Amino acid sequence: MNCIIVDDEAMARAVVAKLSENIPDLDVIDQFSNAMDAIKFLNQQTVDVIFLDIHMPGFSGFDFVQTLKDPPRVVLTTSDKDFAIEAYEYEAIVDYLVKPITPERFEKSILKVKGSMAKQPVIANKEEKSSSVGQELYINIDRRLIKLQFDEILLIEAKGDYIDVKTEKENYTVHSTLKKIKQKLPEDIFLQIHRSFIINFTKIIDIEDNSVLIGKNVIPISRSNRPELMRRLNLL
Amino acid sequence: MKETPNLKYIKELSGDDEAFEKQFINIIKTELPVEVETYENTVKENKLFETAEIVHKLKHKLNIFGLEDAYRLAVRYEEDLKRGETILEGDFKGILEGVQKFVNTL
């Protein structure tokens, strides 16, 4: 059984690594001080278990779990007892260790992981939905139906009872809602990253902190939509 | 009786592995001053949310040194900071000074 440790505290990583030494069939193959590096690693390699700190700067352990398409078993490590209920809402999370972790409690956790592995494979958080069928969308502007190719749309912004459909050349204001247009857009290209914005994923120029640059538009990323965005990125 | 920092947990974790014990203490000696400095800066700049974040990190170290009462105070302080209250700042400062003094003896 192999595992990685994700925790921004070196001391906390050292504790888990040391406790792992006492488990004969558990190998720590890598350690990460931030979530992004761990996600990059997991895009390249599969592991059996992640020992994951809940509380990391800018990215909670729960965000992390949601980001992974096929999460392995996750054992949360935390200084707080308050997240236990939330933790068990995630199928991938098999245990919840409160720091400082004792050898006895760690061994118990490993037994839980093994028990979970014997039962069934972890199911991904969400099933992938089907991708697009057509390549275009017709929008109604002053009784005229205008054809827009999906790949020319940069983003869609909600503005009350209207939406702005922004393309590379023009902006179109349409009487509709984000919810309605979302149903017409292919999910493999478009992604809602904020309650007021759907973006064309392929048009992203860069991502900085909590915003995305598309064309000349800086679009905020909401906390709840961030994990899905991160999951979709082909990180190097 | 006032609690004092101890190495009980570290000894339990290390077992007979003296090299690990030494290495672990070195990690703390490296990490603690950085965290304390970050804490002091966020306090100075009145950044309450960031202060709460670093208190969260520091409270784990209190636990490692067996400071259960101090840990409980840190939990309350962290919650207070998130609500914009700093009433426990002085108590927490005293705790940090005690821990730093202890770490310097290791």
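**Two chains, a few questions**

This is a predicted model, so let's walk through it chain by chain.

Q: In what order do the five strands of the open sheet in chain A lie?
A: Strands in a sheet can pair in a parallel or antiparallel way, through backbone hydrogen bonds. In this open sheet the pairing is parallel. Going across it, the order is β2-β1-β3-β4-β5.

Q: Which strands of chain A stand at the edges of that sheet?
A: Look for strands with a single partner, because one side of such a strand is left without a neighbour in the sheet.

Q: How many helices does chain B have?
A: Chain B has zero strands. Read from the N terminus on, its elements go α-α-α-α-α. That makes the helix count five.

Q: What share of the residues of chain B count as buried?
A: To count as buried, a residue needs 20 or more other C-beta atoms within 10 Å of its own. Chain B has 106 residues. The buried share comes to 26%.

Q: How many residues of chain B are in contact with chain A?
A: On the chain A side, 12 residues take part. These divide into seven nonpolar, two polar and three charged. On the chain B side, the number is 15.

Methods:
Residues are numbered from 1 along each chain as its sequence is written. Chains are lettered from A and ligands numbered from 1 in the order in which they are written. This is a predicted model: local features need pLDDT of at least 70, side-chain atom pairs count only at pLDDT 80 or more; totals for chains, interfaces and linings use all residues. Helices (H or I, at least four residues) and strands (E, at least two) are DSSP runs, numbered from the N terminus. A residue is buried if 20 or more other C-beta atoms lie within 10 Å of its own, exposed if 12 or fewer, and partly exposed in between; C-beta atoms are placed from the backbone. Two residues are in contact if their C-beta atoms, placed from the backbone, lie within 7 Å. Ala, Val, Leu, Ile, Met, Phe, Trp, Tyr, Cys and Pro count as nonpolar, Asp, Glu, Lys and Arg as charged, and the others, Gly among them, as polar. Two strands pair if DSSP finds at least two bridges between them.
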